[in-house]
Amino acid sequence: MSRLLTGTPKADGYFMPAEWHEHSQTWMHWPERTDTWRLGAKPGQENYARVAKAIADFEPVTVCASSLQFENASVLLDHPQIRVIELNQNDAWIRDNGTTFLINGKGGLRGVDWKFNAYGGEYNGLYAPWSTDDKVAHKMLAIERCDRYRTENFVAEGGNIHTNGEGTLLVCEEVFLNSGRNRDLSRDQMEQYLKDYANAEKVLWVPRGIYEDETCGHIDNMAFFIKPAEIVLAWTDDKSDPQYERSAEALEYLTSETDARGRSIKVHKLPLPSPMYTTEDDIRGIDSSQTAKERSVGDRLAASYINCYTCNGAIILPAYGDPNDDVAAGILQDLLPCHKVVQVESREILLGGGNIHCITQQQPNPGIST
Ligand code: KQY
């Protein structure tokens, strides 16, 4: 069971720990919808399986598949550390429709069930319906017997919330200020929700995310905390690329900021891969539909190495066959010498509009203090 709590995590002493806090497990979905994932979702499933197995070499993984896909997923995910369970979805982005787990430093584990509207609801959402996705967080918490906080009047996705686990959140402004999310709330009201439900004292608002990111610019494609007062930022030196001014303004903002404890933020630039575009092959085999985002040849893909995932002892890093794959891996390896950087080719996930961080959700070990 999962009781619905009426207070806030902040009032109850629960907080969102940093992604590097030890995990009990990682959660993922299993892609299925054929109007988003080409060729019956088979290449997408293979890509999800590669990510799941890479993580499972370091920690247990739970993959949620629909009843139709349970058997198939179980075969493709054969690994001693992976369990497949039946749990329905509208699409396969558990970073966003899943719970944000919270701990209290005394062994307690709870979760936030953010209201989810498929990245913009009827205004500019990416698919419809999204009601099954909006129940995923509750179901995860029920499976884990954890109590739940629900933000019925505040839409948020986990992909737009990073934390250093020490009172500072990192979000992207263009997502929260987009009319499809919380048009009746002011920025201050949204900040208060974030502070109350992730339990933080300070929110860093990066102005914009990656150019043409269909989520409206999720922070998990643009920047993340690698250490409590150190952030890695997606970067290009190409001033003719529309991404340049986005990265430059984020750099200027972050380097002028401090975290909740008053520490200056150190920013590490992580190069982007060369711009990538949707090809005819990428489009072929996507089923026509009125209820999912249309994809066209020549669309700029929001490829970034920032969309990586920190698990116990490793960073699972997107690879694209670009010369910067190894540059990015080297930078992260130098920053985190005790983690193993594991590169997983992820173009197929990118074609669905996200990447490795978007398809994973960490469950922190509540017995470990931060
Ligand atoms: O950026 C993410 N956290 C998710 C990407 C979702 C894309 C939906 N098509």
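This is a predicted model: local features need pLDDT of at least 70, side-chain atom pairs count only at pLDDT 80 or more; totals for chains, interfaces and linings use all residues.
Good morning, colleagues. I shall begin with helix α2, which spans residues 42-56. This helix has 15 residues, and from its first C-alpha to its last it reaches 21 Å, close to the 21 Å expected at 1.5 Å a residue. Is α2 enclosed by the rest of the structure or open? Of its 15 residues, 11 are buried, so the helix is largely enclosed by the rest of the structure. Among these buried residues are P43, G44 and Q45, and the list also includes Y48, V51 and I55.

Let us now consider the open spaces. The largest pocket holds about 270 Å³ of space. It is lined by 21 residues, of which E214, K293, R295, D299 and L301 are the closest to its centre. Which elements give two or more residues to this lining? They are α11 (280-283), β14 (300-301) and α13 (347-351). Helix α13 gives the most, with 3 residues. Divided by class, the lining of the largest pocket has 10 charged, 7 nonpolar and 4 polar residues.

How many cavities of 30 Å³ or more does a search of the whole structure find? The search finds 3. In the largest cavity there is about 130 Å³ of space. Its lining comprises 16 residues, and the closest to its centre are W93, L126, E214, R295 and G352. I would draw your attention to E214 and R295, which are listed here for the largest cavity and were also named for the largest pocket. The lining of the largest cavity has 6 nonpolar, 5 polar and 5 charged residues.

The second largest cavity contains about 40 Å³ of space. Residues lining it include D213, T215, H218 and D220, as well as G353, G354, N355 and C358. By class, this lining divides into 7 polar, 3 nonpolar and 2 charged residues.

Thank you for your attention.

Definitions and conventions:
Residues are numbered from 1 along each chain as its sequence is written. Side-chain values use heavy atoms; hydrogens and water are left out. On a 1 Å grid over the protein atoms alone, a cavity is a set of points where a 1.4 Å probe fits but cannot get out, and a pocket is an open set with protein on both sides within 12 Å along at least five of seven lines; lining residues have an atom within 4 Å of a point. Grid points are joined across faces, edges and corners, and a volume is the space filled by probe spheres set on the points. Helices (H or I, at least four residues) and strands (E, at least two) are DSSP runs, numbered from the N terminus. Ala, Val, Leu, Ile, Met, Phe, Trp, Tyr, Cys and Pro count as nonpolar, Asp, Glu, Lys and Arg as charged, and the others, Gly among them, as polar. The expected span of a helix is 1.5 Å times one less than its number of residues. Buried means under 20% relative accessible area, exposed over 50%, partly exposed in between (1.4 Å probe, protein chains only).
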